[in-house]
Amino acid sequence: MCTFLLVICALAAVAYTFHDIVVKGKRCKSNANLHGKTVIVTGSNTGIGKTSAIDLAKRGARVILACRSKQRGEAALEEVKRVTGSNQVLFMQLDLGSLKSVRNFAENFLKTEPRLDILINNAGVYMQGRTEDGFGMMFGVNHLGHFLLTNLLLERLKECGPSRIVNVSSSAHNAGKINFDCLNTHKALGVGTSTRDALQMYCDSKLCNVLFTHELAKRLHGTKVSCYALHPGAISTELQRNAGSILQMVLTSASIFFFKNAEQGCQTTLHCALQEDIEHLSGRYFSNCTVREVYAKAKDDAAAKKLWELSERMCGLA
């Protein structure tokens, strides 16, 4: 029994050491002061979105919490205000699964807010189903809603340059693929209903984020707007709340030793939003506060352009 306990203790020590050295990762080193700057963070009622908003508000930014749920958004608003002591934090309702809601949000924002310096496209879902407009849920929310939002706010970002767009993706994009035939026919990344199908569609949506960033950087060339995609790390947040019970159990167990908390997980988001002198890396992909190389499919010029043009048509921009 004594030997068994020693083995358990040793394994626990190794796990905690791994967590401290590898999982926690690097921290954003920027000391940027954001007084006079305005930031939008989508999905900021929970997880790394809310933690990012708290950091930005502490730096003096005017922070817009763009969230789907009015109840949860207003609760997050009170918490962020309480934690930061800032009265420059606002909640504005935004449902990325509704193109009408995205347009209403952008119209309201542009009428009431004179500046936009940083747009953080953070919100994401892991769930099947269809959006209000009939798109596959993960394609519609994780990609298309943010695509439309970014385009509607782009002129304001250009006017306020230097400004930045930060797209929260995932290393899951490495397993992604874009089936354009399926998108054209079914307005979705896939049509299966199994857990495996759902996971594949999530990976596909994260590849959309990286390709979107790649093409966006090209279109922003010559402006004072830069953009970045990132992997925040494996995060213990609410993203998996719509996963199946078995997957939830596995993720909950893994989170004890191998997942970052929200404060650790928002560091690469903050790095891309704030770090000085990374404008020349516009369009690139970051992980652990460091620029990373991606597979050829994630920087495929033809695929990125095709996805952009298809997204324009689906959003009614073309």
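This is a predicted model: local features need pLDDT of at least 70, side-chain atom pairs count only at pLDDT 80 or more; totals for chains, interfaces and linings use all residues.
As for cysteine pairing, the structure contains zero disulfides.

Helix H4 spans residues 99–112 and helix H5 residues 137–159; their axes lie 9 Å apart and form an angle of about 20°. Since angles under 35 degrees count as roughly parallel, H4 and H5 are therefore roughly parallel to each other. The crossing of H4 past H5 is right-handed. On the H4 side, the contact is made by Leu-99, Val-102, Arg-103, Phe-105, Ala-106, Phe-109 and Leu-110, which meet Gly-145, Leu-148, Leu-149, Leu-152, Leu-153 and Arg-156 of H5. By class, the residues of this H4–H5 contact comprise 10 nonpolar, one polar and two charged.

A second pair is formed by helix H2 (residues 47–58) and helix H10 (residues 267–274), whose axes come within 9 Å and cross at roughly 45°. At this angle, H2 and H10 are therefore oblique to each other. Their crossing is right-handed. Here Ser-52, Asp-55 and Leu-56 of H2 are in contact with Thr-269, Leu-270 and Leu-274 of H10. The residues of the H2–H10 contact divide into three nonpolar, two polar and one charged.

Key. Residues are numbered from 1 along each chain as its sequence is written. Side-chain values use heavy atoms; hydrogens and water are left out. Axes are lines fitted to C-alpha atoms, for helices over the stretch in contact, and angles run from 0 to 180 degrees between N-to-C directions. Helices (H or I, at least four residues) and strands (E, at least two) are DSSP runs, numbered from the N terminus. Angles under 35 degrees count as roughly parallel, over 145 as roughly antiparallel, 65 to 115 as roughly perpendicular and the rest as oblique. A crossing is left-handed if the near helix is turned anticlockwise from the far one by less than a right angle, and right-handed if clockwise. Contact means heavy atoms within 4.5 Å. Ala, Val, Leu, Ile, Met, Phe, Trp, Tyr, Cys and Pro count as nonpolar, Asp, Glu, Lys and Arg as charged, and the others, Gly among them, as polar. A disulfide is a pair of cysteine sulfur atoms within 2.5 Å.
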